[in-house]
Amino acid sequence: MPRALVPGSFDPVTNGHLDIIERAAGMFDRVLVAVARNYSKAPLFTIEERMEMLAEVCVPYPNVAVDAFEGLLVDYAVAHEATVIVRGLRAVTDFEYEMQMALMNRRLNSAVETVFMMPGAEYSYLSSSIVKEIARLGGSVKGLVPDRVEERLRQKVG
Ligand code: ADP
């Protein structure tokens, strides 16, 4: 059974991310959530904070580990014996970017396959950016992110 990577910025992890991680955990023997260090926009949470929140919410899944990566994802996959990249597809708007990334990664290393999963419909409009925006403006993000993340968002922007 191949090892699967779930890469992303996770700034911060949302219930949409968790939906995909849970599906991947049910499908693959071993899942590695890989937090991107080379984030072009300035992240709200440090890489350590993002990993810490992920580690907390992934406790129920014993086959899921959390790590940080930088550089080419396919190189990281090879170094960690992963042959599958799992990405979430929310709406058609995700498609073009995801197709570009998947085909470029295939060109870089055809042994690493990208698979896409759809989250529950209730998460299809959810992104880390909108969650941060709502939190900054004082709105409630309850139910959109894990409780512990909601707390940390409040501390960060409050
Ligand atoms: P990136 O900067 O790589 O897009 P994100 O943290 O925004 O990182 O997303 C990581 C992965 O999680 C991507 O595959 C993205 O499509 C997926 N994702 C993000 N939000 C959701 C959501 N609400 N439902 C399902 N998948 C999601």
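Residues are numbered from 1 along each chain as its sequence is written, and side-chain values use heavy atoms, with hydrogens and water left out. Since this is a predicted model, local features need pLDDT of at least 70 and side-chain atom pairs count only at pLDDT 80 or more, while totals for chains, interfaces and linings use all residues.

**View 1. Who sits around the ligand.** The shell has 14 residues, and Ser9, Phe10, Gly88, Tyr123 and Leu126 come nearest (a residue counts as near if one of its heavy atoms lies within 4 Å of the molecule). Sorted by class, that's six nonpolar, five polar and three charged residues (nonpolar is Ala, Val, Leu, Ile, Met, Phe, Trp, Tyr, Cys and Pro; charged is Asp, Glu, Lys and Arg; the others, Gly among them, are polar).

View 2. A backbone N or O atom of Gly88 is 2.6 Å from a ligand oxygen. For Phe10, a polar backbone atom is 2.9 Å from an oxygen atom of the ligand. His17 uses its side chain instead, with a polar atom 3.0 Å from a ligand oxygen. Overall, the protein covers 86% of the 550 Å² of accessible area that the ligand has on its own (Shrake-Rupley method, 1.4 Å probe).

**View 3. The largest pocket.** The ligand takes up space in the largest pocket (more than half of its atoms lie within 2 Å of the grid points). A pocket here is an open set of points on a 1 Å grid over the protein atoms alone, where a 1.4 Å probe fits, with protein on both sides within 12 Å along at least five of seven lines; lining residues have an atom within 4 Å of a point. Its volume is about 1,100 Å³, the space filled by probe spheres set on the points. Of its 42 lining residues, Pro7, Gly8, Ser9, Arg87 and Tyr97 lie nearest the centre. α4 (92–108) supplies the largest share of the lining, eight residues.

Methods
Polar contact = N/O pair within 3.5 Å; in protein donor to acceptor, adjacent residues only side chain to side chain. Helix = DSSP H or I, 4+ residues; strand = E, 2+ residues; numbered from the N terminus.
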